[in-house]
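The exercises below concern the model shown next, and each one is followed by a solution worked out step by step. Please have the sequence and the coordinates open while reading.

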Amino acid sequence: DPFDQVEWELRTANISNEKGDTVFEQNDVEIPAKWSQLATNVVVSKYFRGHVGTPERERSVKQLIGRVVGRIADWGIEGGYFATESDVDSFRAELKHLLVQQKMAFNSPVWFNLGVADTPQQASACFINSVEDTMESIMGLARTEAMLFKGGSGAGSNLSSIRSSREQLAGGGVASGPVSFMRGFDSFAGVIKSGGKTRRAAKMVILNVDHPDIREFINSKSDEEKKAWALIDAGYDGGFNVPGGAYDSIAFQNANHSVRVTDAFMRSAEANGSWDTKAVTSGDVVETFKARDILREMADSAHLCGDPGIQYDSTINRWNPVKASGRINSSNPCSEYMFLDDTACNLASLNLMTFLDEEGEFQVKDFQRAVAITILAQEILVDFADYPTKAIAQNSHLFRPLGLGYANLGALLMANGKPYDSDEGRNVAA
């Protein structure tokens, strides 16, 4: 048993705020002796389930890894992934080994949810959700995001399908526009803690550069930032995640904002040409601007508050690997997952420094085996995990999006004396 190959010790997991006040503490938790105190604090506070001080509370990394590996192995048996009982035993042992030795880690929802009774078995970290220009769809998106955040995942959406505040409603009156709905989405994200824990939800909002409300979108976050400065000057706390503080009192603090630009827009900016925004409902030109003015507003806003980011729609869809199945409109909050609407991606990461032997040589065969075991586990997760909508479940089973990355590339290069900016460094990364 891989747990028997590890030295264990009892520790206290303790987290304090900037004022020195204890915000989390659990005593006598069983942790591998070579794990850092930081790893201890993160794992115990974020991933142990049950209320602290109750018999149901997890108190050992053995319990945490055991329930995750147990659930994946049981699903693998159910799905016919293993030819023999011996194969199952080997898979369990190898997956346990990777996790307890910190050679690999799954994305947070796996740790939050798998093997926990009466909890949706949500296992993917990254979701991309579609939305249509109807109140039912817009409110449906709010519900879907809420359930995703509750399970510890992040979500992204392109809101360009929602008619602008310069267009009329079918029954009379003027539409609210996507930025007004963003306020509601942002408030929900702020209230719902990710995975039921203390971190906030992660969210991406995107608008196309030809949407009539694009300038309102570009300046939405920087305008709120100026309000925060005024509140800080008036004596409100300027810390983040402070109840009643300056940033808790303004909008758009729970989402990343990105503008989708096209080659045509960038060429117009380059040539100092004009740019038309077009009505969502009819495609008619609503307003005409200088493309450079829009790009300058994006730069000014990003310099002031960090948002909006920029996504290159033409390039993204040239590189779309499934063009026949649809276009790529959106990404997850961190943009490492860029794919079709109504899809999800399960992530895991390999710790490169744990594959060095005592002489500092990288163990290629061990690394290859770890990749194989991790991908097998992720494939099982795709099949049996829970999804918030039927469309996402169907697309997950159809496209099977997985993300297997690595951590500590920089440390690996430094350990071997290889500069980042060298052929040797690039070859190691490749």
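**Exercise 1.** Is the crossing of α6 and α7 left-handed or right-handed? Determine also how the two helices pack and which residues form their contact.

*Solution.* The model is a predicted one, in which local features need pLDDT of at least 70 and side-chain atom pairs count only at pLDDT 80 or more, whereas totals for chains, interfaces and linings use all residues. Residues are numbered from 1 along each chain as its sequence is written, and side-chain values use heavy atoms, with hydrogens and water left out.

Step 1. Helices (DSSP runs of H or I, at least four residues) and strands (runs of E, at least two) are numbered from the N terminus. Two packed helices are described by the angle between their axes and the distance between the axes. Here an axis is a line fitted to C-alpha atoms, for helices over the stretch in contact, and angles run from 0 to 180 degrees between N-to-C directions. Helix α6 (residues 178-191) packs against helix α7 (residues 214-233) at about 40°, and their axes are 10 Å apart. That angle makes α6 oblique to α7, given that under 35 degrees counts as roughly parallel, over 145 as roughly antiparallel, 65 to 115 as roughly perpendicular and the rest as oblique.

Step 2. The crossing of α6 and α7 is right-handed; a crossing has this hand if the near helix is turned clockwise from the far one by less than a right angle, and is left-handed if anticlockwise.

Step 3. The contact (heavy atoms within 4.5 Å) is made by Val-179, Met-182 and Arg-183 from α6 together with Glu-216, Phe-217, Ser-220 and Glu-224 from α7. Sorted by class, the contact of α6 with α7 has 3 nonpolar, 1 polar and 3 charged residues, where Ala, Val, Leu, Ile, Met, Phe, Trp, Tyr, Cys and Pro count as nonpolar, Asp, Glu, Lys and Arg as charged, and the others, Gly among them, as polar.

**Exercise 2.** At what angle do the axes of α2 and α11 cross, and which residues meet there?

*Solution.* Step 1. The axes of α2 and α11 cross at roughly 75° and come within 9 Å, and the two helices are therefore roughly perpendicular to each other.

Step 1. From α2, Ile-72, Trp-75, Gly-76 and Glu-78 meet Ala-377, Ile-380, Leu-381 and Phe-384 of α11. By class, this contact of α2 with α11 has 6 nonpolar, 1 polar and 1 charged residues.

**Exercise 3.** Which residues touch the most other members of the largest nonpolar core, and which helix gives this core its largest share?

*Solution.* Step 1. A nonpolar core is a set of buried Ala, Val, Leu, Ile, Met, Phe, Trp, Tyr and Cys residues joined through side-chain atoms within 4.5 Å; buried means under 20% relative accessible area, exposed over 50% and partly exposed in between, with a 1.4 Å probe and protein chains only.

Step 1. The largest nonpolar core has 62 residues, of which Ile-72, Phe-91, Leu-95 and Phe-106 touch the most other members. Helix α2 (residues 61-78) contributes the largest share of this core, 8 residues. Not counting residues up to four places away in sequence, Leu-95 touches Val-69, Ile-72, Met-104, Phe-106, Ile-373 and Ala-377.

**Exercise 4.** Where does Phe-252 lie, and which residues does a cis peptide bond join?

*Solution.* Step 1. Phe-252 lies in the loop between α7 and β7 (256-261), where its phi is near 70°, a positive value in a residue other than glycine. With a relative accessible area of 2%, Phe-252 is buried.

Step 1. The cis peptide bond joins Asp-307 and Pro-308, with omega about 5°, and Pro-308 is found in the loop between α9 and β10 (309-312).
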